[in-house]
Amino acid sequence: MAVRVQQAAFDPGAEVNAMHAANVGVGAVVGFVGYVRDFNDGLDVAGMFLEHYPGMTEKALAKIVVEAEQRWPLLKVEVLHRIGALEPGEPIVFVGVASAHRQAAFDACNFIMDYLKTRAPFWKKESTQDGPRWVEGKQSDQDAAGRW
Amino acid sequence: MKVKVMYFARYRELLGVDTERLEGDFKVLDDVRQALVGKGGHYAVLAEQNLMCARNEELCRLDEPLEEGDEIAFFPPVTGG
């Protein structure tokens with residue numbers, strides 16, 4: 001299991017390929033990539049800043065991964081989340097899950113993202129034509145996390 | 001009891017401070033929150049319904065018991081991903 005919180009950009013394709021690496025027991029890899037959009041809640045978004053809680057962020061992500069590993073038979077899990085200034089089109093987050101069969105990988109990846117969105121201490125501040133604004137938490141994200 | 005209190009995102013900006021140290025007769029995390037809200041002004045933000053909190057870098061509830069030297073954090077709902 002690996003959890004990375006970094007400012008640097010990453011290559012989603014390389015991350016997905018690394019999930020398989022030399023492990024021929026891996027039959028399924030599911031990778032989720034989240035990107036910065038150029039719009040949100042009716043406004044154009046020129047960029048955003050990702051704030052986080054150093055120390056707690058890594059612990060919170062690791063805890064989510066451990067819970068996923070307890071629920072599904074997983075062979076490898078990677079969670080990578082960026083912080084700092086980001087522009088539209090840039091990848092923000094990568095969650096990769098490898099398992100022997102697809103269902104565990106699909107479900108675990110979905111679970112990790114739902115929990116990340118509601119339990120990992122990150123906050124987005126968008127730059128819009130109306131000035132900077134903090135992104136508000138969504139009830140739909142709480143509902144999604146409640147399914148598990 | 002002495003505790004370290006941290007604020008993030010909108011709360012940090014509104015309060016104009018990211019960390020402060022507090023001393024008082026605190027039993028649970030909510031005692032700290034109420035003491036801060038009682039200071040008035042922008043601290044009223046800590047009365048928000050959807051406030052989240054952490055003790056020693058772990059999410060917790062407001063009824064979480066405290067110990068000397070704890071690191072407490074208050075923040076609005078998280079929005080990563």
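Predicted model: local features only at pLDDT ≥ 70, side-chain atom pairs only at ≥ 80, totals over all residues.
For sorting residues into classes, Ala, Val, Leu, Ile, Met, Phe, Trp, Tyr, Cys and Pro count as nonpolar, Asp, Glu, Lys and Arg as charged, and the others, Gly among them, as polar.

About 400 Å³ of space lies in the largest pocket. Its lining is made of 26 residues, and those closest to the pocket's centre are Arg37(A), Lys117(A), Lys124(A), Lys138(A) and Gly81(B). Several elements of chain A give two or more residues to this lining: strands S2 (28–35), S3 (39–40), S4 and S8, along with helices H3 and H4 (139–146). Split by class, the lining of the largest pocket comes out as 11 nonpolar, eight polar and seven charged residues.

A search of the whole structure turns up one cavity of 30 Å³ or more, and the largest cavity holds about 80 Å³ of space. Chain A supplies Trp123(A), Lys124(A), Trp134(A), Val135(A), Glu136(A) and Gly137(A) to the cavity lining, while chain B brings in Ala9(B), Arg10(B), Pro76(B), Pro77(B) and Thr79(B). Two elements give two or more residues here, namely S8 of chain A and helix H1 (9–15) of chain B. As for classes, six of the cavity-lining residues are nonpolar, two are polar and three are charged. Lys124(A) shows up in this cavity lining as well as among the residues closest to the centre of the largest pocket.

That leaves the place where the two chains touch. Here 26 residues of chain A are in contact with 21 residues of chain B. The area buried between the chains is about 1,900 Å², and carbon and sulfur atoms give 55% of that. Charged side chains pair up across the interface too, with four salt bridges found between chain A and chain B. One salt bridge joins the side chains of Lys63(A) and Glu58(B), at 3.2 Å from N to O. Polar contacts link 14 residue pairs across the interface of chain A and chain B.

H3(A) gives the most, with five residues. Sorted by class, this side of chain A has 13 nonpolar, five polar and eight charged residues.

Conventions:
Residues numbered from 1 in each chain as written. Chains lettered and ligands numbered in written order. Heavy atoms only, no water. Contact = heavy atoms within 4.5 Å. Buried area = accessible area lost by both parts, 1.4 Å probe. Polar contact = N/O pair within 3.5 Å; in protein donor to acceptor, adjacent residues only side chain to side chain. Helix = DSSP H or I, 4+ residues; strand = E, 2+ residues; numbered from the N terminus. 1 Å grid on protein atoms, 1.4 Å probe; cavity = no way out; pocket = protein on both sides within 12 Å on 5 of 7 lines; lining within 4 Å. Points joined across faces, edges and corners; volume = space filled by probe spheres on them.
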